[in-house]
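Reader: I've got the model open and want to go through it with you. Shall we start?

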Amino acid sequence: DNSKNKNQILDDLLEHAIANNFTYIKFLPVTEYKNYKSYGFNSIGLFAFTSRYGESKDFKKFIDDCHKNKIGVILDLDFSQFDPDSYYLNDFDGTRLYNYNYDDINYTYHNTINFDPEKNLTKSYLKSCISFWINEFNVDGIALSNIDSMIFWQGDFSRGVNNKFMDLISELIDLIHANKSLALASFNGNYDFDLGFDYVYDYSLRPLIR
């Protein structure tokens with residue numbers, strides 16, 4: 001309904017969740033992004049609340065209202081890639097602070113940029129991002145999107161496991177749990193790992209493991 005403003009849409013969503021006895025509401029990425037076709041899975045600002053959902057203060061109020069009605073809120077965060085826009089992290093200071101130094105692994109198959117999990121700045125940035133959304137917005141869970149693109153080099157099963165990203169994922173899960181939140185993930189295909197997630201689901205949101 002184009003006549004409704006963003007706050008009315010959120011209010012309607014909450015009413016729908018209450019009426020149908022939902023216990024959680026999960027959002028696609030609410031971080032700022034440029035490419036509409038990406039649905040937010042290609043961020044230009046992992047700390048920035050997207051204007052598409054209105055103002056951050058109103059979204060915080062929505063989360064508080066959810067909690068008053070015993071409904072949790074889970075947010076997607078996509079750490080498998082970031083937008084190559086030069087105003088974001090790519091060549092941030094003229095160098096590749098957060099991404100790989102080698103072109104053959106710097107770009108994803110979608111022409112976005114891979115985070116380099118071995119760099120301390122990357123680790124600090126992603127951990128700070130998780131802490132920000134949990135503590136600033138009081139969310140109840142973080143869902144790491146497309147973890148197959150982190151676990152496997154370029155998301156390609158045939159290229160093998162990226163052990164540095166596996167280690168970082170485990171650290172991120174520990175951080176989420178330390179903040180008393182749920183750690184979830186989406187994975188393309190059969191998930192055969194035990195990294196400590198509370199739930200892992202495929203892209204059609206069917207639960208695979210608990």
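Reader: Where is T50 found?

Author: First, a word on the source: this is a predicted model, where local features need pLDDT of at least 70, side-chain atom pairs count only at pLDDT 80 or more, and totals for chains, interfaces and linings use all residues. Residues are numbered from 1 along each chain as its sequence is written, and side-chain values use heavy atoms, with hydrogens and water left out. Helices (H or I, at least four residues) and strands (E, at least two) are DSSP runs, numbered from the N terminus. As for T50, look in the loop between β3 (43-49) and α2 (56-68).

Reader: Is T50 buried or exposed, and which side chain does its own side chain make a polar contact with?

Author: Take buried as under 20% relative accessible area, exposed as over 50%, and partly exposed as in between (1.4 Å probe, protein chains only). With a relative accessible area of 0%, T50 is buried. A polar contact is a pair of N or O atoms within 3.5 Å; within protein, one must be able to donate a hydrogen and the other to accept it, and residues adjacent in sequence count only if both atoms are side-chain atoms. At 3.0 Å, the partner of the T50 side chain is the side chain of E32.

Reader: What confidence does the chain average, and where does pLDDT stay under 50?

Author: pLDDT is the predictor's confidence in each residue, from 0 to 100. In this chain 92% of the residues score at least 70, and the average is 89. The stretch that stays under 50 is residues 206-210.

Reader: Which residues have the most contacts inside the largest nonpolar core?

Author: A nonpolar core is a set of buried Ala, Val, Leu, Ile, Met, Phe, Trp, Tyr and Cys residues joined through side-chain atoms within 4.5 Å. The largest one here has 51 residues. Setting aside residues up to four places away in sequence, F197 touches L144, I147 and I169, among others. The residues with the most contacts inside this core are F59, F79 and F197.

Reader: Why do the buried residues of α6 line one face of the helix?

Author: The buried ones are F165, M166, L168, I169, L172, I173 and I176. Arc here is that of the directions from the helix axis to the C-beta atoms. Seen down the axis, the buried residues of α6 line one face because they fall within an arc of 165°.

Reader: What do those buried residues of α6 pack against?

Author: Contact means heavy atoms within 4.5 Å. The face turned away from the buried side carries the exposed N163, D174 and A178. On the buried side, the packing partners are α4 (120-137), β5 (141-144), α5 (148-151) and β6 (182-186).

Reader: Which side of the cut-offs do Q154 and K180 fall on, buried or exposed?

Author: Both have a positive phi without being glycine: Q154 near 60°, K180 about 60°. Q154 sits in the loop between α5 and α6, and K180 in the loop between α6 and β6. At 11% relative accessibility Q154 counts as buried, while K180, at 77%, counts as exposed.

Reader: And α1: which of its residues are buried?

Author: Helix α1 (residues 6-19) has 14 residues and reaches 20 Å from its first C-alpha to its last. Among what covers its buried residues are β1 (24-27) and α2, while exposed E15 and A19 are on the face turned away. The buried residues are L10, L14 and A17.

How values were computed: The expected span of a helix is 1.5 Å times one less than its number of residues.
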